Amino acid sequence: MSTPAPAALVLECDEVCTFVTRHTRPLWIWLAMNRHSRRIVGCFMGARDEVGAFGLWESLPTPYLDARCHTDGLAAYKSVVFGGLHVIGGTQHIERFNATLRLRVAHLVRRSLSFSRKQAHLELLIWMFIHRYNASLR
């Protein structure tokens, strides 16, 4: 499958919070979605700060580094997405994916009911879900 020309690429980026080991240790799942294909093209798990935004940016394939990026306005994105490529708002598709992720992955359901005991298991679970989701879009 070929990647569209860089000028046509548009990303939607967002984060989802969950907990590891106990409810006092948050872990943020950073996601980037290709707006046109609806595929998840980048994922990083870490803190909700500039380091997390940079981790998401490093997880993106090279063609997406020059894509226009829609975010929720979190200041951390400004450290990796510059100038006219950064657009605040227009994240409805990634927000819908986040709702689907929370619905289908039991570890993300609700803060008061569920969390992961080991980060490695949560990462494996999230990656498996993303790969299955991307494969279902073919």
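Here is a short chat about the predicted model shown above.

Reader: What kind of model is this, and which pLDDT limits apply?
Author: The model is predicted: local features need pLDDT of at least 70, side-chain atom pairs count only at pLDDT 80 or more, and totals for chains, interfaces and linings use all residues. Residues are numbered from 1 along each chain as its sequence is written, and side-chain values use heavy atoms, without hydrogens and water.

Reader: OK, how many helices and strands?
Author: The chain has three helices and five strands, in the order β-β-β-α-β-β-α-α from the N terminus. These are DSSP runs numbered from the N terminus (helices H or I, at least four residues; strands E, at least two).

Reader: And how much of the chain is buried?
Author: 43% of the 138 residues, with buried meaning under 20% relative accessible area (1.4 Å probe, protein chains only).

Reader: What does the C-alpha trace span?
Author: About 45 × 35 × 25 Å along the principal axes.

Reader: Switching to Asp-14, where does that one lie?
Author: Asp-14 is in strand S1, residues 10–19.

Notes: Buried means under 20% relative accessible area, exposed over 50%, partly exposed in between (1.4 Å probe, protein chains only).
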